[in-house]
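This report describes the domain arrangement, a helix and a sheet of one protein model. The sequence and structure are shown first.

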Amino acid sequence: MLGRMQIGYLVIEGSSLAQWRDFATGAIGLPGPLDNADGSQGYQLDDRAQRLIVTEGPADDVAAIGFELADEAALAELRQRLAAAGVAVAEGDAALAKSRRVQRLIHFADPGGLRLEAALGLQPAAKPYASDVVPGGFKTANGFGHAVLLSHDVPTAERFYCEVLGFRPTERLSITFAGHPLNGVFLHCNPRHHSIALFAVPAPRRLHHFMLEARDQRDVARAQAKAMKAKVPQTLSLGQHPAPDGTFSFYAVTPSGFDYEIGAGGNTIEPEGWQELKLTRMSDWGHERPQAAE
Ligand SMILES: [Fe+2]
């Protein structure tokens, strides 16, 4: 399955659709949103109708990660792996497929209870992507971007993502960050350095941040300037993750309280034969917390 799967879309449950709309169309400059039949709103990142979906609710957290599979055979293989692992799978009904704007989908849960969806056929966008904040658009050949999840039990979660879903570890993290030990693992399912990362943080929230990868580094700086102008709280200043990732990015806070990262210039990896690396620092330079930078 490796190489035949990517994150197709991310579903956020946010307590205010209006705030998310202001944020997504303002600070990130995304077109839209599309109003879906289930009340959710979908934002366009590329030539697909929607990749960031916000549904109204109190959680202010990730509601689902939607994996896009290459074809029916990949979906059948995933079903088989889930069945072999004893994971309950449900078929998404027509109404859900319509709101997700996919041809069809199944859904199931990871060991922490996070809803995962696996879909075929993301609907094409009605209009070309256009943005005044990220005019160069986003790199989505290897999927949406990435999601960093907070986990109470990383080993169990890692086993599930790797043994059942076919992810593999790119880099393992063991550092002191902001005075606290931080352990985690970055997982790939295609040449993107990581589509999912699992951080050992026993927080009530599941999502630490999501990352969107701009094509043009200038758009990262433009998006940061726009966020600052819109008074979006900044979490980490512009900085660069170490090789082999190499992403240049900043982090700031979404209306739901978790972070978003806009990056560019990340390197892809060769999944075939990849040997897991040890990550000993988060950044080569920058990525300073605002209070530390003062
Ligand atoms: Fe990230």
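## Domains and their contact

Domain bounds here come from an automatic or database domain assignment. The protein chain is divided on that basis into domain 1 (5–122) and domain 2 (146–293), whose C-alpha centres lie 20 Å apart. The contact takes 27 residues from domain 1 and 26 residues from domain 2, two residues being in contact if their C-beta atoms, placed from the backbone, lie within 7 Å. The model is predicted: local features need pLDDT of at least 70, side-chain atom pairs count only at pLDDT 80 or more, and totals for chains, interfaces and linings use all residues. Residues are numbered from 1 along each chain as its sequence is written.

Helices (H or I, at least four residues) and strands (E, at least two) are DSSP runs, numbered from the N terminus. On the side of domain 1 that touches domain 2, the elements giving two or more residues are strand 1 (5–14), helix 1 (17–27), strand 5 (61–69) and helix 2 (72–84). Strand 1 gives the most, with six residues. By class, this side of domain 1 has 16 nonpolar, seven polar and four charged residues; Ala, Val, Leu, Ile, Met, Phe, Trp, Tyr, Cys and Pro count as nonpolar, Asp, Glu, Lys and Arg as charged, and the others, Gly among them, as polar.

## Helix 1 and its cover

A residue is buried if 20 or more other C-beta atoms lie within 10 Å of its own, exposed if 12 or fewer, and partly exposed in between, with C-beta atoms placed from the backbone. In helix 1 the buried residues are Trp20, Phe23, Ala24 and Ala27. They lie on the same side of helix 1 because they cover an arc of only 110 degrees around the axis, taken from the directions from the helix axis to the C-beta atoms.

The cover over these buried residues includes strand 1, strand 3 (41–43), strand 4 (52–56) and helix 5 (217–229). Just after helix 1, Gly29 takes a positive phi of about 70 degrees.

Strand 10 (residues 168–177) and strand 11 (residues 180–188) pair in the antiparallel sense over nine bridges. The bridge partner of Leu173 in strand 11 is Gly184.

Key:
Pairing = 2+ DSSP bridges.
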